Amino acid sequence: MKLLYPLLNVLQALVLAVWGAFWITLAGGGALLTLDGSVPLMMARRFWAPLHWRITGSRMFVEPLPDIDWSKPHIFVMNHQSAMDIPCAFAALPVNLRFIAKHVLKYVPLLGWYMAMTGMIFINRSHHREAVRSLALAGERIRAGKSILAFPEGTRSHDGLILPFKKGPFVLAIEAQVPIVPVAIEGALQVLPRGGIWLRRHDIRVKVGQPIDTKGLGKADRDALLRQVRDTVIQLHREIGGRGGVPQAIAERGQEGRSPSPLSSLE
């Protein structure tokens, strides 16, 4: 079995690569025929996403969803454990999502093309002005009725602890005056650990919190809103078996995804 397991992982990765290429191609055709960028997102939610955990023998459990008007735009804020988070979010949330993603993803063959076609927001965190322009574009799309998913940690957690949050998504929510919906995921790290393609079998759990209103909030309320949302994500995370978060709530500029506090200490 020790010899067969790496071979199985390579086979799983190849199947997912072919699966992704197939659905990206089909989604592109659907978008061209319908002239509707939401068609590829619907295909991703219903067809592309579920194979990613099922191929490992894993199961995804979504806690009962709160009473949300899914037809209205929201900013969904989710902790980040694994590359598996993206298909899980697609499948768990009954809405077509646009992501705020690292700008390097737009150069990935097929994937970058699909993301651009569906209106994903690419952000270059190493250039502050470009990042601000990207967030402004995201605000325009939200005001046009699109929902956005952001991973405010800025990177995947190494050990499942929720890292400090970046301020960008909360500036965006205040400017757009749309609710933030906190989302917690647990188990994705065990299915696909950071830094490899080695898939494992493990249950994944997702829990969605009540929307947090931003109407009437201004720039001065940004940090308080960030802390409120992060505290809620941490609470949801613990309710589905997660470890919680590190003590520092707000990421310093240039230090996103890292905490000066020992990762062993919990909030």
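Which residues of helix H2 (residues 38-48) are buried? In this predicted model, local features need pLDDT of at least 70 and side-chain atom pairs count only at pLDDT 80 or more, while totals for chains, interfaces and linings use all residues. Residues are numbered from 1 along each chain as its sequence is written, and side-chain values use heavy atoms, with hydrogens and water left out.

The buried residues of helix H2 are Val-39, Pro-40, Leu-41, Met-43, Ala-44, Arg-45 and Trp-48. Buried here means under 20% relative accessible area, exposed means over 50%, and partly exposed lies in between (1.4 Å probe, protein chains only). Helices (H or I, at least four residues) and strands (E, at least two) are DSSP runs, numbered from the N terminus. The buried residues of H2 pack against helix H1 (4-34), H3, helix H4 (85-92), strand S3 (97-102) and helix H5 (111-117), where contact means heavy atoms within 4.5 Å.

Helix H1 can be considered next. For residues 7-33, an unreviewed UniProt entry lists a "transmembrane region"; UniProt positions are given in the numbering used here, feature names are shortened, and annotations may be inferred rather than shown by experiment.

The whole structure holds 8 aromatic pairs, a pair being two rings of Phe, Tyr or Trp (its six-membered ring) whose centres lie within 6.5 Å; planes under 30 degrees apart count as stacked, over 60 as edge-to-face and the rest as tilted. Phe-22 and Trp-23 are edge-to-face because their ring centres are 5.2 Å apart and their planes stand at 80°. Trp-23 also pairs with Phe-47 in a stacked arrangement, with 5.1 Å from centre to centre and 5° between the planes. Since Trp-23 lies in helix H1 and Phe-47 in helix H2, this pair ties together parts that are 24 residues apart in sequence. Trp-23 counts as buried, at 13% relative accessibility, whereas Phe-22 is partly exposed at 43% and Phe-47 is partly exposed at 40%. Ring pairs link Trp-19, Phe-22, Trp-23 and Phe-47 into a cluster.

Helix H1 also contains Val-10, which is partly exposed at 37% relative accessibility. Val-10, Leu-14, Ile-197 and Trp-198 make a nonpolar surface patch of about 370 Å². Patches are made of residues with over 30% relative accessible area and no salt bridge; like charges are joined within 9 Å, and nonpolar side chains (Val, Leu, Ile, Met, Phe, Trp, Tyr) within 5 Å. The accessible areas come from the Shrake-Rupley method with a 1.4 Å probe, and for residues only the protein chains shown count as cover.

Charged side chains provide a further set of links. The structure holds 5 salt bridges, each defined as a side-chain nitrogen of Lys or Arg within 4 Å of a carboxyl oxygen of Asp or Glu. One of them joins Arg-59 to Asp-203, with the closest N and O atoms 3.0 Å apart. This pair links distant parts of the chain, 144 residues apart: Arg-59 is in the loop between helix H3 (51-54) and strand S1 (60-62), and Asp-203 is in the loop between helix H8 (188-191) and strand S7 (204-208). Arg-59 is partly exposed at 48% relative accessibility, and Asp-203 is partly exposed at 26%.

Another salt bridge connects Lys-207 with Glu-239, at 2.6 Å between the closest N and O atoms. Lys-207 belongs to strand S7 and Glu-239 to helix H9 (residues 222-239), so the pair ties together parts that are 32 residues apart in sequence. Lys-207 counts as partly exposed at 21% relative accessibility, as does Glu-239 at 42%. Arg-222 and Asp-223 also meet in a salt bridge, 2.9 Å from N to O.

Helix H9 also holds Leu-225, which counts as buried at 3% relative accessibility. Leaving aside residues up to four places away in sequence, Leu-225 touches Phe-170, Ile-174, Ile-180, Ile-212, Thr-214 and Leu-217. Leu-225 and Ile-212 are 13 residues apart in sequence, and their C-alpha atoms are 8.7 Å apart in space.

Most residues other than glycine have a negative phi. Gln-177, however, has a positive phi near 55°. Gln-177 lies in the loop between helix H7 (168-176) and strand S6 (180-186) and is partly exposed, with a relative accessible area of 29%.
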